[in-house]
Amino acid sequence: MGMHNKTKSRLAGLALMAWSGMALAAWELNFQAPATKAAQTVIDLHDLMMIIIVIIFIGVFAVMFYSVFAHRKSKGHQAAQFHDNTLVEIAWTVIPLLILIGMAWPATKAVLNMRDTSQADITIKATGYQWKWGYDYLKGEGEGIRFMSLMATPPEQIRGAAAKGGNYLLEVDRHLVVPVGKKIRVLTTATDVIHSWWVPALAVKQDAIPGYVRDTWFRAEKEGIYRGQCAELCGKDHAFMPIVVEVVSAEKYTQWVGAQKQQMAAAADEGAKTFSRDELMSRGEKVYAANCVACHQANGKGLPPTFPGLDGSKIATGPKAAHIDIVLHGKANTAMAAYGGQLSDGDIAAVVTYERNAWGNKTGDVVQPAEIKAARK
Amino acid sequence: MEATHAHGAGHAHGDGHSHHPKGIMRWITTTNHKDIGTMYLWFSFAMFMVGGVMALIIRAELFQPGLQYVQPEFFNQMITLHGLIMVFGAIMPAFVGFANWMLPMMIGAPDMAFARMNNWSFWLLPPAGILLTASMFVPGGAAGTGWTLYPPLSIQMGIGMDMAIFAVHILGMSSIMGSINIVTTILNLRAPGMTLMRMPMFCWTWLITGFLLIAVMPVLAGAVTMILTDRHFGTSFFSAAGGGDPVLFQHIFWFFGHPEVYIIALPAFGVVSHVIPAFARKPIFGYTSMVYAIASIALISFIVWAHHMYVVGMPVAGQLYFMYATILIAVPTGVKVFNWVATMWRGSMTFETPMLFALGFLFLFTIGGFTGLVLSNTAIDVQLQDTYYVVAHFHYVMVAGALFSAFAAVYYWLPKWTGHMYDETLGKWHFWLSIVSFNIAFFPQHFLGLAGMPRRIPDYALQFADFNQVSTIGAFGFGLSQLLFLYVVLKAIRGGEKAAAKPWEGATGLEWTVPSPAPYHTFEEPPVLTEAKGHA
């Protein structure tokens, strides 16, 4: 009976999902609505190519299908025996070449424009991590702002235990906020494997390569929220590291920058504070859920051998210093990233405390932000 | 010579190999090109089934949003193995199988040039196939990197990655040996009077493919070896932290990977260049320009590799150069398509199954070629790179291109191999089911890519749900249709209408001068070519 009900509710969920899917931009046949001139250029180029291609395609296959219908043995058609015609052969080599050169010309202009990242108003670095994006505002208004942006879709929706929301898999906890009409240069890099920063409506896609910095740019023409995804296979949660760009007016952007600066100042004070074990444990659980759970799993058992467990592990039950070190600096040639640059002292103190006291780990250790600050040096 | 002759006199004259081993030992020790060709083809079909099941697992998971059947890690393993197995285990061995069976008969040679190496080339394949397939069951599972094996992701993988690397090494050895054999056979064992420009087109395509393989398989072997040493011996070829560059791997991989596309496509062109004239009852149009087109496609294929890498951040001059070079490939490819259409023009056509598959090939491969042209445009590719548009594009080239051509080849030559005609009605069913379900499976993927669905994801946003459902339905239809193919082939092996030496009215070439089924040994005495032109 239980199974039966479950199936039934699943079917109902499926029907609902199918319906809501259709209500969304379903059966979409073309590019997403463009929000930059570059995106419009891509659409125009694609339209032009499609027109040429379809004309040639129809031409060639009209000849073929005419032949298929007219020149068949069942109609008593006798085979001709010609097998060469130099003039025709030269023509169908040269004419396509000219058409192709015609196609390459506008493409060249588009490429040159696409790659001109000079004279940007704001420069933002996007860093790919397994499996989230980090943003640093490097230059221009908002300089100094930095935060991580994680997918906000709850796991229950992915597993099918809850109805899927409208922006399923395309929602994050913190949007990349930029002002409308300004040239935004995006530097991409990564810490672990290659990712790719892609927002279709802006027509930007740039690989984020560990150890190297690449760049791209966009200038959004209208305010709005534009959603994209990582475009380079980067491991198991490749599907779950979306990108959300929120384009706002200049005034709203200034307000947002102010609010961010305040929050960051509050977080910077933390290093001197001391927290209780309970405070650290509950905060640590949240940090763990946001950053560690994908590999090490909620039960701390990991997914060995690629992603080792923490429950009873040597690191999480051994000396504190080694534990703090691996969280701060990561482990080479594995998926274990260096979190020193991603998380605040308070967050790292909390998550290390949590890992040392969760599941079967009973070290009783409490790690304070000051220890992390010291370990960073 | 005398001594050999005296020794040989001790045996019964006539079939000097009548004492060859029976049962399993016949197949393990055989040096006969027909036996080896048969083994290649069955191996290829077995791998096609394994890779096909993996494809269906992928499509089942993508039937609806959310995770239903598999976890993301396993999904990634499936896409990796599906790609590697289909490319190296199914498609390539299929065309080597055709080459083994048909090349010696087409050029009037008694066997391949290096008969014992031929045996080795084949018997390297099963261990490689087993390594790849078994890597699913080791701790950590198979490589979850996609068939492109990009580092640093491939550095993170478990032992399954090492198994994939060794499998690629072994497959590479097999391919290199096989292609040296083919090139040598074609260059040295042609019957007197068969000049290069009188060779059947299939021989030409394989001659050039052989050179491509010899040139690029060592490059791939080098690339995966560098991954191996980065993984285990502390080198940093692809790690920036040690002074290396992850993008270097992509350059090396695609220097192999792009010619690889033509390694698969050229022999497919060769098959179609036999089937279309045979069923149009008219010589192939523009034989000479076909040969030049194949050669130019092969040459250009070496200088376009980075069009797979438009978004890695190469200099703008590089992006433009690779765009122009890639666009150039459309010219010789267009020449081939025009020549095939001109071959049909004013012919006297019939539409048996091989011809249907050849026409299906022509129609759908051209779509794949055109989407390739769209992708060659750097500005557009920025939107389409790593999306389902690319998945659709290369399945039009690989499945509707190479695989349909392989089906055409099987139906065309099956009477020669088995001595029986296959069931024409069922063959036609196989064609129509395949072409309809193929398009249901892959055409919608163009739209998914345009709308922004990345490839290699086990779960997707809701707006992609509808076309994914359609695609999955088509994929299952396509998979099931191939069981019909197996049935048709088995039926023809077991019996059926007796095939004449030349079962196709319009077929030309030496292979049709020997009885059907072809005797175990053919052309022990070279044939005499009296026709002005020997080619198809």
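This is a predicted model: local features need pLDDT of at least 70, side-chain atom pairs count only at pLDDT 80 or more; totals for chains, interfaces and linings use all residues.
Figure 1. The buried residues themselves are Ala38(A), Ala39(A), Thr41(A), Val42(A), Leu45(A), Met49(A), Met64(A) and Ser67(A).

**Figure 2. Length of helix α2(A).** With 34 residues at 1.5 Å a residue, α2(A) should span 50 Å. The C-alpha atoms at its ends are 49 Å apart, which agrees with that expectation.

**Figure 3. The side of chain A that touches chain B.** Contacts join 89 residues of chain A to 83 residues of chain B. Elements of chain A giving two or more residues to this side are α1 (2-23), α2 (37-70), α3 (86-114), α4 (155-159) and β7. Sorted by class, this side of chain A has 50 nonpolar, 24 polar and 15 charged residues.

**Figure 4. The open five-stranded sheet of chain A.** The strand order is β4-β10-β9-β6-β7, and the pairing is mixed. Because β4 (176-179) and β7 (204-208) of chain A stand at the edges with a single partner strand each, one side of each has no neighbour in the sheet. On average, neighbouring strands are turned by 25° against each other, direction ignored.

**Figure 5. The β9-β10 pair of chain A and helix α5(A).** Six bridges link β9 (residues 224-230) and β10 (residues 242-248) of chain A in the antiparallel sense. Gly228(A) has Ile243(A) in β10(A) as its bridge partner. Helix α5 (residues 250-268) of chain A packs on the sheet and touches β4 and β10 of chain A. The direction of α5(A) makes about 135° with that of β4(A).

Definitions and conventions. Residues are numbered from 1 along each chain as its sequence is written. Chains are lettered from A and ligands numbered from 1 in the order in which they are written. Two strands pair if DSSP finds at least two bridges between them. Helices (H or I, at least four residues) and strands (E, at least two) are DSSP runs, numbered from the N terminus. Axes are lines fitted to C-alpha atoms, for helices over the stretch in contact, and angles run from 0 to 180 degrees between N-to-C directions. Two residues are in contact if their C-beta atoms, placed from the backbone, lie within 7 Å. Ala, Val, Leu, Ile, Met, Phe, Trp, Tyr, Cys and Pro count as nonpolar, Asp, Glu, Lys and Arg as charged, and the others, Gly among them, as polar. The expected span of a helix is 1.5 Å times one less than its number of residues. A residue is buried if 20 or more other C-beta atoms lie within 10 Å of its own, exposed if 12 or fewer, and partly exposed in between; C-beta atoms are placed from the backbone.
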